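Hello,

Here is the structure I promised to pass on. Please look it over before you read my notes.

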Amino acid sequence: MNEERKLVTVLFADVVGSAALGHQHDPEVVWSALKQAFGELQQVLQTHGATVEKLMGDAVMAVFGVPMVHDDTGAGEGGAFVTGRVMGDTVNLAARLQQAAEPGEILIGPLTHRLTERSVRCGTMRSIVARGIGTVDAFPVEGLLADLPHAEGDLAGFRAPLIGRVRAMSDLRDAYQSVRENKRAYSITVFGGGGAGKSRLASEFISATNGSTVLRGRCLPYGKGITFWPLQEMLRADTATNPRDDSRAISQKIRTRLEASLEGSSESMEPILERLAVLIGGAADDGAPALQSQAAGQDLRWAVRRYFELRAGDKALTLVFEDIHWAEPTLLDLIGYLSDSTQAPIFLVCLARPELLDLRPEWGRPAPNAAAINLEPLSPEETRRMMAGLLQTDFLSESIHAVIGGQAAGNPLFIEEFVKMLLETGQIRSEDGHWRAASPAVSPPPPTVQALIAARLDRLPEEVRRLLQQAAVIGEVFSSDALTAIATPNDLEADLNQALRRDLIVDLHSPGLIEGRSYQFKHILVHDAAYAGLSKENRLTLHDRLGRWLEQINRDAQAYGDIVAFHSEQAYLLSRELHRTKTPELAHRAFGHLLGAGRRAYALGDIGAALILFRRCVNALADAEVSLAEAAEAKALLALATSMAEQAVGTRTLLDEAIRACRLAGSPEVLYELLIWRGARLGDDDIQHGAALVEEAVSLAEETGNSRLIARARVDRTRIAEFAGNLDEMARLLEDAYPYVREHGDRATLADLLGRLADCTVDVPGKLGQGLKYAEEAYANAQATSSKYYAALGRTVAARVINFADPGRAVAIALEATALARESGAPRPIARAYEALGEARYESGAYREARAAYEQGLSVPNPSEMAFIAPELEYMLALTCLKLGDLTAARHHAEAARGGAVKEDVHASGLALAALAAVSGREGNTVEAEGLFKQALEIIDATAYRERSAFIRELLAEFLLSQGRAAEARPLLEWAHDFYAEPVLVRRRARIEALLAQCVSVPTTGSGA
């Protein structure tokens, strides 16, 4: 018998009192009686589909499911490994249950009880201590609730009619028609559990669209790192590309498609072509920087959307995203971005299980460009109609409805599979033109669909079952050429046709990876059951073969990089579990592919996926024999991704360990990244050490001669001046670096520089006009950068500067920043983005909305990582609560700001005191308020934060005016009025002038105006 894993039921039976019989009677007489008893028992067992595994003195072990799983095998305690004999936990548990049973008693385990509760009546549960297993719940069987007939048959596959989906189909058609008429995108999500008929509904809808362009893509259940796989499927199908194409061929095919779409238009196709070529998976660019990519992130989203807009033209383009409950967050965001298009009629149909809502509760909520359809279980009447359609008759007995209707629970797939099983086993048959149950009290089919499918698979000819198991290693969608590459099927076409006839797979009528055809398992449960039947040894071999074949069909292609990494990792993990000698070799291979996949995800700005891949890569180091440099780089990249995602406690320790390793053996570029990130973290609590690390990084960059890295260093070195609060020196260094960075730096570096320059001008009188220009340029570069992390930070700084002149536009930019920051998953950008949003709403007078924004900023994870951010959010939240009249909340947040501000952060310390002073003044604590205001001004006036000085003077003047002390308020307001003299600050100046009007006398000419 071939080695495989099977769903089985194991029975142990023992003769009570056999030892006493042997003592009282002649041994030969006892043995004769036992042989007769065992013979009768063996006949009963075999009649019910069991195989007697072995006789052990006065006991017998029998197994249901070997050599063939039957429709009731699922009523067993679990799976077992079958080679020359059956072994596993199922066998051990059955033996322990037999040992614990009383004479004449039958005990079953918890899984068997759950699966047979509709057919077996049990007594009160009791716990037993099973040696080697632990405490187990055992159930004594008291009787049967139904007979258990058994029969076998053979049946070719057939297709179920579409029943009970009239409303859903109407909604799809109406939405599609609206897309065609309004010429804008619209997304509709079809929700339903496994087997609810989502894919079938989509297929029926597509068939009814009269040949319009439809592209389909599937999310893979193991896709963390396969973020854009569905898009790659769509684009490869639309551009006729394949993995053997090199980058030039891919670009040419995309160009051909774009030229047809852009005919008569002056729009350039190059920006779209460049990004899609990378996405589809052309040859890697050896000149691309290791940790940055120019064709990813925000501009990649734009390129994808623009391509589909051009492909749609004036006619509706339908994009079907299947199984988006497995999609990465980045893909979900991109789908939302596509649905926001107003330039072309793009109809997005998303198929998802309800589990998607656990991650995205808002997904599918009604919106101008989105809706959702929920596929509910079929009603009893619809179940009857479906069964009648399957059996092609309107005359079905009530016994058939009772067998299927009660178990299928209105799930179309379950109904179809139950009917097929009953037909195959002869439990329903045609008599005189009518379908009838085999007996008045027919037994229910297997209580789970998994068991049902496993039983169907086990009845297949061995070569067909083996083929499906091998196909399951490839995935839910597989191709004949991939099958040929990893196995040696006897007659591939004949075996596939048998599986097609039995309705276990579907012909997709599309080409394979290179040649041949593509197929799909009828349902993911069929795939899972087939894969579960493979022994781990066979899984190891097939995963390894598949990964190597995918790598060989085009070694430079990136399209299958993540999939190769997955299969190489599975081979390694299985080898380690089985203690094989080739484990180190497979670990080394998995390490390399996971590292490459992680690098690609990192370069695309998908930090979440990169983090997962780098963790798996570092895990492989337990067995992989790699160089010190390779190990150091993997650990460094994991530390960087962890630091950016800030999802783990001990991030700083990870960075320190990675720095030590990279100093001994590691690339300068990676070490530079580590030093800068660690220096920034130290800037929060050890400015001197942080500055030393930044200086080391800058020197390292200069030594490499890498102009891109040098450009980054010239921006990053300004952190030292920033740590010290020397804004004038920081501005000077940034202005000196500007020409070099424009020429040699990447977009992220340029956006960072421009944002810092813009931020510096805020505190220099007469410079804000130039600062606004920097902010606009920073915003433009942030839109083009490939990293969501830097795209969010660039927008945040731009919004904060633009807020001085145009709060409304600042709100819009800050909203973009919050969305991108959340996609990046990093708390600091999230908090900063919400801070900018709060400031813009505060400036525009929308205080309730400002409060919500500040509270959102404070709610991000890992507040300990934001020592310099939380106090700033707190003091502005205190002032916002004052505007809303909530003195209790204002006092709470002002105290939190003062308590949270670290000693080195004079900016936050001064503003926290000012907020506390304003609260005290409103509470009537005049003396306390004056003292706090004085302290705040002393702290801030000793720094270069002149704009904050003007802000505090405004707060103090408001307090003094409330006390009737206009003469004291006037010079404070005049100082602020002079500071806001630039024409672009007309809003701020008008606010100060309104306060000046409340003073005893108003100057005839505005000082500094």
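Overall fold. The chain has 1009 residues, and 55% of them are buried. Its secondary structure consists of 44 helices and 19 strands. Among contacts with a separation of 6 or more, 69% join residues 24 or more positions apart.

Confidence. Mean pLDDT for the chain is 80. A score of at least 70 is reached by 80% of the residues. Residues 70-84 fall below 50, yet the model gives this stretch 67 contacts beyond near neighbours in sequence. Where pLDDT is low, predicted coordinates should not be read in detail.

H22 covers residues 561-577. How far apart are its end C-alpha atoms? They are 24 Å apart. That agrees with expectation, because 17 residues at 1.5 Å a residue should span 24 Å. Is H22 mostly covered or mostly open? It is mostly covered, with 14 of its 17 residues buried. Just after H22 comes His579, which has a positive phi of about 60 degrees.

Best wishes

Conventions:
Residues numbered from 1 in each chain as written. Predicted model: local features only at pLDDT ≥ 70, side-chain atom pairs only at ≥ 80, totals over all residues. Heavy atoms only, no water. Helix = DSSP H or I, 4+ residues; strand = E, 2+ residues; numbered from the N terminus. Buried < 20%, exposed > 50% of the residue type's maximum accessible area, 1.4 Å probe, protein only. Contact = heavy atoms within 4.5 Å. pLDDT = per-residue confidence, 0-100. Expected span 1.5 Å × (residues − 1).
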